Amino acid sequence: MPIAQHVAYFDHAAVAPLPAPTKNAIAQWLDQATNEGDVVWGQWAQRLEEVRQAAARLINAQPSEIALVPNTTSGISLVAEGFPWQAGDNVVTLANEFPSNQYPWMNLASRGVEVRRVPVDGGMVDLDHLAAACDARTRILSVSWVGYATGWRVNLRQVAEVCRRAGCLFFLDAIQGLGVFPIDVRADGVDFLAADGHKWLLGPEGAGLLFVRQEHLPRLRPLMIGWNSVVQGSDYTRIELNLRNEAARYEGGSQNMVGFIGLGASLDLLMSLGVRPHHSPVAEQVLAITDYACQRLQELGATLLAPRDGDHRSGIVTFNLPGQDANTIRRRLEAQKIIVRCRAGGVRISPHGYATVEQVDRLIDELRQTS
């Protein structure tokens, strides 16, 4: 991570800096696009299929269940708009979800679909409250793996059990966990998953993933249909609406080649570091460095927005210092090349696995000087 040479970067929950292999992959694409044009387009297309396969391996899905989409919002919207709703149906989600996991569902009100937003007290997700919000007309329960402001990580199998008992499907906004924590969509009971690549996956913006369990594809009304959505693909003279029986049917037109080539390099890097569906050394590093940060912050008198509780821990920690304004702290830290973010009225840190104890100590020293 070249940025680590001159910056203490604690802002992966916003936008990740790019690793060197990703920069190199993008630079190679730029050189090819500039000097060779579409002569190498077939190579790029093949690389995107390799990215699809890598993404499938990362979450234990089939490549046919992976769509390469622009961002998390588009993935959520494809399911929200494509699902066969009936007036009186409902969606259950959390009241503190990121807007992208609320507005697409709220936009279904004109179709008679209710959105039940379950309050979250003290930063902790209460699965009993989620379960109580579900009834016989609940069709989808949609939650984030990790809360973008609180850092609370839900237990996927426990959420899936809530869905199973309620007879609804499980949509996971995975953007704040994917790339760090292991996930097996089969064993964990996830029906749909969406995540952009520009946070913990260490990719560029505008290149994300959508997982649709194969048996659900026929249930969803196809959207964003174009030449690339049909079986005959590049045979432009054969006009037959013969849709691909794959999630790639949502990739209707030209793709963000450079973005996905960059994301592919980032996926390769993470998987070379051991990130797998059932184990992740990167997760161990992220939890170790954030545990250390929490210890030092509390020694300084900081209060955490959500408790650090076992497997609910994540790479996100949001804190307040008594009597200090969060935005003022952020600006002072940035002037010292320590990058953080403000969320929910506090200062949010989100270090990846390459962060060091020395960088955390720098953070604490600067906070101590400003207190």
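Modeller: Helix 6 (156-166) and helix 8 (281-299) each contribute at least two residues to the lining of the largest pocket, helices being DSSP runs of H or I with at least four residues, numbered from the N terminus. Helix 8 gives the largest share of that lining, three residues. The model is predicted: local features need pLDDT of at least 70 and side-chain atom pairs pLDDT 80 or more, while totals for chains, interfaces and linings use all residues. Residues are numbered from 1 along each chain as its sequence is written, and side-chain values use heavy atoms, without hydrogens and water.

In total, 21 residues line the largest pocket, with W145, R153, N155, P182 and D311 nearest its centre. A pocket here is an open set of points on a 1 Å grid over the protein atoms alone, where a 1.4 Å probe fits, with protein on both sides within 12 Å along at least five of seven lines; lining residues have an atom within 4 Å of a point. Its volume is about 440 Å³, taken as the space filled by probe spheres set on the points, which are joined across faces, edges and corners. By class, the lining has eight nonpolar, six polar and seven charged residues; Ala, Val, Leu, Ile, Met, Phe, Trp, Tyr, Cys and Pro count as nonpolar, Asp, Glu, Lys and Arg as charged, and the others, Gly among them, as polar.

W145 is also in contact with I183, contact meaning heavy atoms within 4.5 Å. Beyond four places in sequence, the contacts of I183 also include L58, N60, L178 and P277.
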